[in-house]
Amino acid sequence: MNDAVLIRNERETDYQKVEEITRKAFWNLYIPGCVEHYLAHVMRGHADFLPELDFVVEIGGQVIGNIMYTKAKLIDECGEEKEILTFGPVSILPEYQRKGYGKRMMEYSFERAAALGYDTIVIFGNPGNYVGRGFKSCKKFNVCADNGRYPAAMLVKELVPGALDGRKWVYCDSPVMAFSEEEAQRYDDTLEKLEKKWQPSQEEFYILSHSFVE
């Protein structure tokens, strides 16, 4: 990896480029088309968004990736709330994927999140992409979805060992995640037209997103 790699906070002048990168990275990956670029678009204006944990990675002055964080929370069986983090979208331009840039950007963001006093991250993602970054099954930390089940795609990372003490926790996303597909489609209709099509990764996503750890 060359010395011209820079990880820095996203600037307003990066917004359009970041959304283009996010759209290219996710297009046809999980569904025909994608919605992640719309999430990036609306997330920045939400109270749960954390601009200090909004990073881009540059190579030779060109932005090629981004990671965005929002606040989330865990609630225990007594109703006690714990503020935590979630991230996503996390995007690398397709031609730069599998070269270590996403790993480097994530590791940097973990260090910054811990420095800000956060001790836990919960995400939804393909375990194959994240277990190497220290994420484990939510079941191992007794963190469940609001239906009491443990989704295979829900992964937990303790930034501080022992931050989760074995109590049963229910994960609650930020309300910014609850946008409508119709809103996302209307936004996408304003952008350059890309072909929506089926590819095998969509079936993999369907299987994973409907799977649970017992």
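Which residues line the second largest pocket?

## The pocket

The lining consists of Gln16, Glu19, Glu20, Arg23, Lys24, Tyr187, Leu191, Glu192 and Leu194. A pocket here is an open set of points on a 1 Å grid over the protein atoms alone, where a 1.4 Å probe fits, with protein on both sides within 12 Å along at least five of seven lines; lining residues have an atom within 4 Å of a point. The space in this pocket is about 220 Å³. That volume is the space filled by probe spheres set on the points, which are joined across faces, edges and corners.

Helix α1 (residues 15-26) gives the largest share of the lining, five residues. By type, the lining has five charged residues, three nonpolar and one polar. Asp, Glu, Lys and Arg count as charged; Ala, Val, Leu, Ile, Met, Phe, Trp, Tyr, Cys and Pro as nonpolar; the others, Gly among them, as polar.

## The model

This is a predicted model: local features need pLDDT of at least 70, side-chain atom pairs count only at pLDDT 80 or more, and totals for chains, interfaces and linings use all residues. Residues are numbered from 1 along each chain as its sequence is written, and side-chain values use heavy atoms, with hydrogens and water left out.

## Helix α1

Helices (H or I, at least four residues) and strands (E, at least two) are DSSP runs, numbered from the N terminus. The end C-alpha atoms of α1 lie 17 Å apart. This agrees with the 16 Å that its 12 residues should span at 1.5 Å a residue. The expected span is 1.5 Å times one less than the number of residues.

Buried residues of α1 are Val18, Glu19, Ile21, Thr22, Arg23, Ala25 and Phe26. Buried means under 20% relative accessible area, exposed over 50%, partly exposed in between (1.4 Å probe, protein chains only). Their cover includes α2, β2 (55-59), β3, β4 and α5.

## Helix α2

Helix α2 (residues 36-43) is mostly covered, with six of its eight residues buried. These are Glu36, His37, Tyr38, Leu39, Ala40 and Met43. Among the elements covering them are α1, β3 (62-76), β4 (81-92) and α5 (181-188). Contact means heavy atoms within 4.5 Å.

## Backbone features

Asn28 sits in the loop between α1 and α2. Its phi is near 65°, a positive value in a residue other than glycine. Asn28 is buried, at 4% relative accessible area.

Arg98 also is not a glycine, yet has a positive phi of about 65°. Arg98 lies in the loop between β4 and α3 (101-115). Arg98 is exposed, at 76% relative accessibility.

A cis peptide bond joins Gly88 and Pro89, with omega about 0°. Pro89 belongs to strand β4.
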